Number of protein chains: 2
Amino acid sequence: MKLLELYATMKKDVQFIENQLEKSIRCDHELLSETSLHLFKAGGKRLRPVFVLLSGKFGTYDLEKLQHIAVPLEMIHMATLVHDDVIDDANTRRGQLTVKSKWDNKIAMYTGDYLYAKALSIVTQLHNPVIHQVLSKAIVQMCIGELEQLRDFFNTDQTVRNYLLRIRRKTALLIAISCQLGAIAVGAPDKVSAALYRYGYNVGMAFQVRDDLLDLCGTEKQIGKPPGSDMRQGNITLPVLLALQDEQIRGPLLAEIAEIQQQEGKHDASKAIQMIRGSKGLEQAEEMADRYIAKALHALESLPNVKAKKNLTDIAHFVAKRSY
Amino acid sequence: MKLLELYATMKKDVQFIENQLEKSIRCDHELLSETSLHLFKAGGKRLRPVFVLLSGKFGTYDLEKLQHIAVPLEMIHMATLVHDDVIDDANTRRGQLTVKSKWDNKIAMYTGDYLYAKALSIVTQLHNPVIHQVLSKAIVQMCIGELEQLRDFFNTDQTVRNYLLRIRRKTALLIAISCQLGAIAVGAPDKVSAALYRYGYNVGMAFQVRDDLLDLCGTEKQIGKPPGSDMRQGNITLPVLLALQDEQIRGPLLAEIAEIQQQEGKHDASKAIQMIRGSKGLEQAEEMADRYIAKALHALESLPNVKAKKNLTDIAHFVAKRSY
């Protein structure tokens, strides 16, 4: 099953958000429109808007209101990507040139700043202060996560807890508040928005663990980049940390990672990847992702039986199996 | 008269804001606290908080509320500085190493992101949606201004209007909303906050024109950096644009600027500075700054005669004469 099929029931509304997103980034400034549209056109799963819309079904569904959450959250996601590409020195994303590569780092930095600011200016059209508080606090945490990722590059001494805290900030939080804010915007009860937050948080965690697994197990065709890219950048992910716990593998794997670091990513990562694939790290990481999915599904249980609940369940199962 | 003397009457409250600012950036994360505190400790005139507090005297003065405007506005100012230093490749600011120089560009980028986000999360403690709208729209405009500055580097064909629009976004807007939001936060009437916006806008424009003049006329001791730094970076300011309107000077000045551009700022700017000093550009730019000051004072006229009005008048006169 493809994610798109899950979207089918809400195709019209997702398209509306897509159009509003494009309109919003077209209006202010020529160069910023160009760079932002470049990002926009590279596409993406638009997961965050979908979560906002589905969560909006647990109250008085109101697309007019929900767009002021869905559009900004996707913009914030885009802002983090464009700043990430500066940090990672990435030349392509989703098969397209990155902004930092097509233009330059400086323009990429200001494009990210602009997208953050624009996102917040759209949210202010909703007058519920709780929404602003939730959103701005999440962005603070996301910035901290970004910086921690920098600090943790090539840090093979980091703990699994450390990793989990980082992906919580980097990925799970924005997905969690997509669900939470969608519910809040339509006046759903606090219990409902809190349950949706937990759902989103756990799906987000599973999503990132899966993403990190794919980088080590996927083919170049599946993941759109050579496997082991994370490791070459110094991003030490869960399967690597788990593999390092194996006394047999630890020594040689540390040596390989040190070599990669020394040669600034130019060293072939295939030997390290083989070691990790030969360890229990992959399986253990998969189990952790599954546990997050189970928690996500559990969070849904208390929710009323609207159709969106089935959709959210399907998305959780989809994330559990994702191989793209 | 020094700016500090103007602050004397509100020393206690300015110090309170200073303490709150420090507290706010100390609390989240070790490295971000370090980089932000480094910026904080480099000091600054804290003009924006002072404008917030003085404007707060035109309603029911409430330091508890005003801190949630003053602290974020200074943080946003700090965020723009740290991102500016990345763009300008600046190694020192106010005699201190910049974040990008003491740490690196990546950390500077995330420090800026964090300060923006943290600022917005503090503002959300005030529940007036107008405040959020004014602030987020201003930041969008500021981002556009930053990007335009990039685009306009070494563009000797830009118009004076172009320059004015740029400094409006880059400098005047944040000072304007400091005054406006201070008044809104304490429930001053719309007419009052609008007049204070106009005051702040015009003071801000004069401030930036003066700043650009100082870069060409000041001594290294006065301005804390070698004169002509703007030009070496490619920042074509008002006195330069006005000097270029002189047919006698235009040709040789263009040639000098082209030389500076070609040698990537390593070419001595003293010849270009001499030409500009010999033109009517300086005098005309001074006249423009004076006109902005006159407009700022005019904006104050309609305001009730509280003591802060006298303070704001003094600050305008101070900006008109500033030589630091």
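1. Start with a pair in chain A. Asp152(A) and Arg166(A) form a salt bridge, and their closest N and O atoms are 3.0 Å apart. Asp152(A) belongs to helix H8, while Arg166(A) belongs to helix H9 (residues 160–185), so the bridge ties together parts that are 14 residues apart in sequence. The model is predicted, so please read every value here as computed from it.

2. Are the two partners buried or exposed? Asp152(A) has a relative accessible area of 3%, so Asp152(A) is buried. Arg166(A) is buried as well, because its relative accessible area is 3%. The cut-off for "buried" is under 20%.

3. Arg151(A) pairs with Glu148(A), with 4.0 Å between the closest N and O atoms. Helix H8 covers residues 129–152, and the two partners are 3 residues apart in it, so about one helical turn separates them.

4. The partners in this second bridge differ in cover. Arg151(A) has a relative accessible area of 44%, so Arg151(A) is partly exposed. Glu148(A) is at 6% relative accessibility and therefore counts as buried.

5. Now turn to chain B. Glu22(B) forms a salt bridge with Arg26(B), and the closest N and O atoms are 2.7 Å apart. Both residues lie in helix H2 (residues 11–26) of chain B. They are 4 residues apart, about one turn of the helix. Glu22(B) is partly exposed, because its relative accessible area is 22%. Arg26(B) also counts as partly exposed, at 45% relative accessibility.

6. Which residues of chain A are joined into one network by salt bridges that share partners? They are Glu148(A), Arg151(A), Asp152(A), Arg166(A) and Arg169(A). Over all chains, the count comes to 18 salt bridges. As background, side chains of opposite charge can pair when their charged atoms come close.

7. The surface also carries a patch of negative charge. Glu283(A), Glu286(A), Glu287(A) and Asp290(A) gather there. Take Asp290(A) as one of its members. Asp290(A) lies in helix H16 of chain A, which covers residues 281–301. At 38% relative accessibility, Asp290(A) counts as partly exposed.

8. His38(A) is worth a look. His38(A) is in helix H3 (residues 30–41) of chain A. The relative accessibility of His38(A) is 14%, so this residue counts as buried. What does His38(A) touch, not counting residues up to four places away in sequence? The contacts are Gln96(A), Leu97(A), Thr98(A), Val99(A), Lys102(A) and Trp103(A).

9. Finish with Ala42(B). Where is Ala42(B) placed in chain B? Ala42(B) is in the loop between helix H3 (30–41) and helix H4 (47–55). Ala42(B) is partly exposed, because its relative accessible area is 21%. Leaving aside neighbours within four places in sequence, Ala42(B) is in contact with Arg94(B) and Gln96(B). Val99(B) is 57 residues from Ala42(B) along the chain, and the C-alpha atoms of the two are separated by 11 Å.

Definitions and conventions:
Residues numbered from 1 in each chain as written. Chains lettered and ligands numbered in written order. Predicted model: local features only at pLDDT ≥ 70, side-chain atom pairs only at ≥ 80, totals over all residues. Heavy atoms only, no water. Patch = residues over 30% accessible without salt bridge, like charges linked within 9 Å, V, L, I, M, F, W, Y side chains within 5 Å. Areas by Shrake-Rupley, 256 points an atom, 1.4 Å probe, with all protein chains shown as cover. Salt bridge = Lys/Arg side-chain N within 4 Å of Asp/Glu carboxyl O. Lys, Arg positive; Asp, Glu negative; His and termini not counted. Charge placed at Lys NZ, Arg CZ, Asp CG, Glu CD. Helix = DSSP H or I, 4+ residues; strand = E, 2+ residues; numbered from the N terminus. Buried < 20%, exposed > 50% of the residue type's maximum accessible area, 1.4 Å probe, protein only. Contact = heavy atoms within 4.5 Å.
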